[in-house]
Each structure stands twice: as structure tokens, then as C-alpha cells.
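Notebook open, structure loaded. I'm jotting things down in the order I looked them up.

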Amino acid sequence: MHFRVPEKLAMTLCLLVTSLTGPPLLSLTLVAVVLLARLIVPDLRSMNKITARRFRSVLAFLFCGAIVMTLLNGILIREGLILFQWAGISVYESGIAFGIRTGARLLLMTSALLLLFGSTQLSGITAFLNRMGLPARIVMTIHLTVHFVASMPSRIERIYSAQEARGAPVRAHLVSRILSLTAVLSPLILSSTVESIERGKALELRGYNSSSRWVDDTVQIDSPYSFLTVFFLFMSIIALLLPWLLG
Amino acid sequence: MAPRIIIGNLTYRYFAAGSPVFSGFSLEVPPGSCCALLGPTGSGKTTLLEILSGVAGSQCKTSVAEGTIQIGEDRYQPIPQSTLFPNVGLVLQDPEVQISGIRDTVTAEVEFTLEQLSVPAAERQRRVSDVLAHLGLSPLAQRHPMEVSGGERQRIALASILVATPSLLLLDEPANALDSRSQHLLKDILRSRKGTTTILLTDYSIDFALGLADLFVVLSDGRVVFQGTSSDLFRALGSLQDHLPLEYWKLLQGRLSNTRVKVPS
């Protein structure tokens, strides 16, 4: 069973649609399937140690966040049965159900996207999209955006270090991190804007313009037609229609 | 063929109401030579390179210009309105920006330039391979362009432009943040291009340009305050004191003295 770019894109679409329309139990089951698939399907393994570490840390962070969010929802949404009480605080059934639904949705969406971007070279995805007829300018925009988002953590880290070098205790503890957000945000926005302009200039200086071609015709691009692609696309339609059909 | 550059009476403003970056600026660079643009921060070095590359006319639509620019046989009145790549190649100050980062290997990154020029695949591979070998980048061919050292990144940025074989090469502070070994390597590469390519580079401190450039041009507030060889510059340094900020004048004096520029008797 080979998962190439088209199969991975179709699978991600299917998982995203299911996360939005399916019940929480299905979403959580699919998260487990994604984690398992990462280990046993060679094509779905992380490209390198860094992406593997990011996959684990982001998912672990989200899992903890989902538990906290579920508990907070249980306390704040005061509807339905009281599941338990402790020290004057009541936890309600509706809030917990809402929290689980939202948390499961978030976990499945994130794991699906992490699986796609962690196991596939970005250039492979964009080359495939371009070959499928997406205009070069849109492909370039997608590519640069993803590249930019991926570089954001290191950019923030650099700004934190620069602020620290000036004597600001920006990373001393959680409160100082939150308080220093404004000090980090303005250089972040400014440096991002300047870099976007410079990158545009650099691309133009290398001959790139709206009519430019993105990929070489000789590059082997995966055929979009395979059993797995059709299967995942079919399942996406089912996941979209089933809630409506069941009323 | 390396072009002659003639800038005639150039006046340039970023906005119509703004103060001019250049006012009545004239310069002539002989074909195949290497010209170093020196000057304090804000003297117009980078702007001049951007005007010559065409990116200033293309990106800054509010700008106002007068005068003429001639690059080889092509005459622009007042300035080029679109990038002149591949005839003119500009290597930006920050190589991290010049490298798109959207390709996964150094080879693919350099090849991206030729893809934009619709060069056939076989020709592309040959030219990329040649330029990587010329710049000593062959061992890095399969590495990610962002996962290399600063000096190597600078050479990759240069390769991404040189692969298109521009006849006019513009370099904005090419030695910025390079260690001395990388500077020597880059200098050798540029020396080997002289004769076939006209080179214009900016250099805040004169260190990199010494021993490489044939012509030194000192700018201050958008005006040429000196034009000549390094020996001429050493001789004329005293008279430049009134035209340059004191800190910059002292920097030039220190660097020229340290490198013991030979003054003909």
C-alpha cells in the first residue's frame, strides 16, 4: 500500500471532513489510527527527527489542552446533569460533552495535518497541485505561507533571545512570557512584513512573475488516480452526507 | 559581453514630495571592471543597485526619477521600470531572503532560477552543476539550502544569480557577516568573473573591495564625492574629510592605513 501525495491529500481531506461531521468517539478512534499508521506505514513516517519530535510535542500539548478545555467547559456550561461536585464546584454533563466534541475535533484535525506535512516534502505537495492545474501564483503563495508559518517558532525564539539580551526577563516564567507578548508581537509583525517585501523582491530578481512556470515538465508527478485516492474521496463524501441523511 | 554602465544626471526620489536620494548623480563604469560603492549608511548605495537592477522601478511605484541610465547598448530614460534579469543580476544583502527556501536541495534551489527562464532540463542540469562546481558548492548539492553555514548560504545566493550568467552583477554588501576564509573565497570567485562581467558591489567598510575593485566610488548623501583607484582614494582622503561624516572618514582612514595601500611616488 503506497501513500503518495494524492493519497495523502485525499486522506487528509477525509480526516478533516470526518472531524467536522463525525461523532467524538469516531474522531478519537481516527486519532489512534493516525498514530498507529505513522508507526506501521513507511510512507506516513516523519521525514526526519525534527518533524517526528514536533509531531509528538504538538499532539501532547494539544491533548493536555483538550483535557483542560473539557474540564473548563464542564464547569462553565451549566446545563444537564451534574456529574460530580467537589469543593463547591459542579461539573455538568453538557459542558463535558461539548468539551470532548471540540477537543476530539481539534485533535483529529491537527494530527491529520501534522501527518501530511510531517511525512511529505512541501515541494512535492505544491508541485502536484500545480500540475493539477492550480495557477503558479496561488501555488507560490501557499508554499511561501506554509514555509513562513513553519519558520515562525524559530523567529519568535530569536525575538525572545533578543529581548533577553536587552535584560527583559521574557522567559523567566509563564506570567512573564504572557506579559512579554506585546514586546514580542510588534517586532514579530514588523520583521515579518519587512521579510515578506524582501522575499517578493528576491523572487522578482530571480525572474519570477505571475506567468512563470512552477515545475519542470520532466519531473515525475504522481498520478492522482489510485484505489486509495478514490476510496478516501468517497469516504469524504460519505462523511459529509451521512449526518444530513441521518437527520 | 560585459556592458559599460553610464548613469547621467540621475535624480531619484521615493516620493514626489520627498527629498532626493540622488540629485544630478553621474557615474561611468568601464565594461568588465569591478566597481566598489563605498559610503556611510543612507548614502544611497543599495538604492543605486536597486535602480540598476530594475527592481526599484518595478516595486516602488511612487518613486520619481529623472536622468538617463545606459547599460551596454540599452538606454533607459529615466530608469528601468522592470527587473532586467537575467542580463542584470542583483544579490541582496541578506542571503536568507534571496534563497527562496521552497526547494529542498541546493541544486533544486539554484535550478529554480533557470526554471523561471524556461531553460530546457538538460541545459539546466549542466549549468547548475557548473556553477556549483565554480563556487565550491558541489559537496553541498544535496543539502537543504537553509541548513548550511552563513558563508555557504551567501555562495548559494550568489549561485542562484550567477547561474543565469548576468553580464552585469550587482552585489549588496557581499561580505556582510562572512568570516575571512569565506571572504577570500568569494573574492576569488568575483575576480574570476572580471572581464566577462561588469561587477558593482557595495561595501560599507572598504576591506572586501580592496584588492578586488578597480574603481572606488565614495557616496555621501546621494552624491559622488570621490571616484578613482584605491591609491587615489588614499591620496585624496584628506580632502574627503569635509564631505563625509567624521566616523566614516575615520573608518576609511583606519582601514586604508592598515592595509597599507601602495601610493605611487
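I started with a strand pair: in chain B, β3 (residues 34–38) and β9 (residues 215–220) run parallel and share four bridges. For the record, strands here are DSSP runs of E with at least two residues, helices are runs of H or I with at least four, and both are numbered from the N terminus. Two strands count as paired if DSSP finds at least two bridges between them. I looked up one bridge by name: B:Cys35 has B:Leu215 as its partner in β9(B).

Housekeeping: this is a predicted model, where local features need pLDDT of at least 70 and side-chain atom pairs need 80 or more, while totals for chains, interfaces and linings use all residues. Residues are numbered from 1 along each chain as its sequence is written, and chains are lettered from A and ligands numbered from 1 in the order written.

Next I zoomed out to the sheet. It is open, has six strands in the order β6-β7-β8-β3-β9-β10 (chain B), and the pairing is mixed. β6 (88–91) and β10 (223–228) of chain B are the edges; each has a single partner strand, so one side of each lacks a neighbour in the sheet.

Then I checked chain A, which has nine helices and two strands. I read its elements from the N terminus as α-α-α-β-β-α-α-α-α-α-α.

Last, the interface: 20 residues of chain A contact 25 residues of chain B (C-beta atoms, placed from the backbone, within 7 Å). On the chain A side, α6 (136–165) and α8 (181–205) each supply at least two residues, and α8(A) gives the most, with eight.

Notes
Two residues are in contact if their C-beta atoms, placed from the backbone, lie within 7 Å.
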